[in-house]
Every structure is written in C-alpha cells, then in structure tokens.
Amino acid sequence: MNDLTPKKIVSELDRFIIGQNSAKRSVAIALRNRWRRQQIDGSMRNEIVPNNIILIGPTGVGKTEISRRLAKLANAPFIKVEASKFTEVGYVGRDVESVIRDLTDIGMSIVKKEKQKEVKALAEELVEERILDSLFPSNGKHKKTDEEEVRYKKTRERLRKKLINGDFEDRKIEIEISESNTPSMQIFGPLGGEDIGMNLKEMLSNVMPNQKKRRKISVSEARNILLEMEAESLLDQDDLIRSTKERVENSGIVFLDEIDKIVDSSSRSSGPDISREGVQRDLLPIVEGSTVPTKYGMIKTDHILFIAAGAFHVSSPSDMIPELQGRFPIRVEMDKLSVSDFVKILQHPESSLIKQYISLLGTENVTLKFEVDAIKEIAKIAADVNTKMENIGARRLHTVMTTLLDNFMFDESSGRKKTITINKKLVSSKLKNIVEDQDLSKYIL
C-alpha cells in the first residue's frame, strides 16, 4: 500500500477500464485515505471514517469493474450484493448483516492463502518426510547399530533425490486423512441463525471428533493432500482470526449494486415504498458503523468502505432517507460510453474481448486477426443497438461479438493451422440483421 498513490491506483485501473476518470479518481482517493488513516496514531485514527461513494450511471459503464479491480489491487476483502434482493419476500431468510458475515468469510480465505504461502516451504519439507516414511518405513522397534543407521540414512537420501526427480509420482502409498464426522445442517430462523448453526456445529465437533481414515493413493495425489494438511496444522488459528478481523474492519469493501431499486421518488406511504425504506433503514446501521456477530467474533463496520451504484433513472440519491444520504458524501456521475470508447474497450484493456477471443481460438491453432475498420464497425453496431434498445453499456459488446464469431467458435476445432481475418464487410454481413430487426436486437439483449 505504501506505493499505491492515487495516481498509481488510477494508472492500474486504466489497464482494465476505459474512461470514467472521475470515478477512478474518487475511488483512488478513498483507497489511499485508508492507508493514510493507518499511519495516524492515537484516538484520531478511530475518528476518521471512510467517505463512502455512490456511482451513478447506466448498466455496463464500469461501476462494478472499478470496485472489483480496486479491491484486487489492495488485496482487500470484497463482496458485491444487489440491494434490490433485500426487498424480495423470503430472500432465503437472509438479513442485511449477512453481507458482513459473507465479507468476513472472504477475508478469512484471503488471509489463510497469505499465511499458507508463509509456511509453504516448511510444509513441503514435512510432506517430503512423510512421503519418504511411507516409501521407506523405518523399523522403529528395532534399535539400529551405528552401521545400520549410516546405511539407512544413505538409502533415505538416495530415495529423496529420486522423489525430488519425480521417479515415484505414480507409486502408491498409504496415508492417514482426517475426515469430519460432524453432520451438515441448515438452521432456519431470524437474525443470528447462521451463528447458532456455527455454534451447534462447533459443539457437535467436540462430541464427534474427526475420524482418521487410511487411503492408498499415488505420491502425486498424496503430495497435494498432505501439503494442505501440513500447511493447515502450521497455522496459528488465533492469529488467523485476529488478522482476518483486522483486514475486514480496515480494508473490507462492500459494493451495493442497484441501490436505486430501494429508493422511490414518489411520496406514497403505502405499498412497496415501505419495504424499500425498510431496507434502507436496515442498511443504515452497518453503513453508519455497528458490530456484527460472525463465526470469527464481532466485526466492527465503522471503517469498511461502502460503494453504492445505481442507474437512478426514475429517482436520485437525494430520494434516499436523509440518514443514509449522509453516509454517502461522494457522488460520481459515470460517463455514457461512446463509439470511440467501445473501440478502446475492444482493444486496449489487458483482458479486452478481442484478446480473449484471440486466445480462445489460439488453442485450436487458429490465428484470429481484426482489421481496424472491422473493430470500428463492431463498436458502431453495439452503440446503435444500445440506442435503439435498452442501453446495457459495454455488455452489448459481448452479445455482438458472440453473434459475430458464433460460426468460427463452433466450426474451428480441427487443430489445423489457420488464419481468420475479420474485416468490415464480414462484420456488416454477419450483424446486418440485428441492427435492422428489432426482435433480433431484443433477442441478443
């Protein structure tokens, strides 16, 4: 994080997302402010809260992608949730606090992977010894003479070299694996049900400890299983939980999509408006800062960054309840995508659609080439269809490219070396129908 200055963050986001400079700038400052806050000592650190952001714009302009890439850049726990889901009756019994519980699970996964990397070298050494023990068991009951001990060590070292060389990958060995005896369960109920289920499972696991089972498998299979087991045993569970809580509380990012769906601009006080306002009031505590029970302990949400997004076609952020409005002080209008933006999106990002299709057909020994005029035509057609139909932004490029390359993706699987050139004429003929026929335009939505 020391090197992630706002300019550097924007530069990194530019590798994957075209345009939207205002949004990139806002999220870059928000991310850098988290690092700045950590450098402050004393009580002032707790007083500094994140400036939560609302990204306003139609679908497909990069709202989710900016947030996801930001989290990946900071290696921060990230979760996307559609705010509109909370208005659905019987939404699988979930409450708003479950978002934080899910975020904490994601945080634990990130931290565990990092910690496993730290102990990987030691774990590999232990696994090597366990495999050698299985390949060349020592008679522990028989006390070796000095000569036998020397001979045993030499043989073991010779076997070790062969093992490292890969000579025993297919050899079968017997290993002991722990298998959970705790039955799976699902707890239905009000707030806190997940925690009740977790506590019951913990109690049952004490009564019904893991059962050890011996299995005969190849060395190559055993290595992966044993590596995971040894790495897990080397981890300090208290340190894992402590690091997870710290990571979630100080670096977690919650992306609240479709927040406009829980906002209503009308003044009616009955019907669905009550449910929408109710969701806003449910969201308020975790956005304001509260303590949420999770399987890893209590998580404070005071310094979690919330990024909300919505099209706001029939409402505006000012229609939210005042308390929630106040918790999203940064509001960014996303730019609509133009034909020139589509051209850049098709070509420039590191994982652009054109690069993806070139890679996919490359596996079939096919070289796929796009002429400049063809790319411009694809961009123009995508923009035209967005204008005539619902504007789904850059997602339209996926549907257009799928239609354009459908035959090639189906036919090219022979493995023969071949070059396919996509030119403007081919694009026009392949996509002519979807531009002229409104029904077809709807079909590829």
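Reader: How many aromatic pairs does the structure hold, and where is glycine 289 found?

Author: This is a predicted model, in which local features need pLDDT of at least 70 and side-chain atom pairs count only at pLDDT 80 or more, while totals for chains, interfaces and linings use all residues. Residues are numbered from 1 along each chain as its sequence is written, and side-chain values rest on heavy atoms, without hydrogens and water.

There is one aromatic pair in the structure (ring centres of Phe, Tyr or Trp, the last by its six-membered ring, within 6.5 Å; planes under 30 degrees apart are stacked, over 60 edge-to-face, the rest tilted). Rings also meet charges here: the charged end of arginine 32 is placed over the ring of tryptophan 35, 3.9 Å from its centre, and lysine 430 lies over the face of phenylalanine 408, 5.5 Å from the ring centre (NZ of Lys or CZ of Arg within 6 Å of the centre and within 35 degrees of the ring normal).

As for glycine 289, the loop that holds this residue runs between helix 11 (272-288) and strand 6 (291-294) (DSSP runs numbered from the N terminus, H or I of at least four residues for helices, E of at least two for strands). Glycine 289 counts as partly exposed because its relative accessibility is 29%, where buried means under 20%, exposed over 50% and partly exposed in between, with a 1.4 Å probe and protein chains only. Leaving aside residues up to four places away in sequence, glycine 289 touches Thr301 and Asp302 (heavy atoms within 4.5 Å). Although glycine 289 and aspartate 302 are 13 residues apart along the chain, their C-alpha atoms are separated by 3.9 Å.
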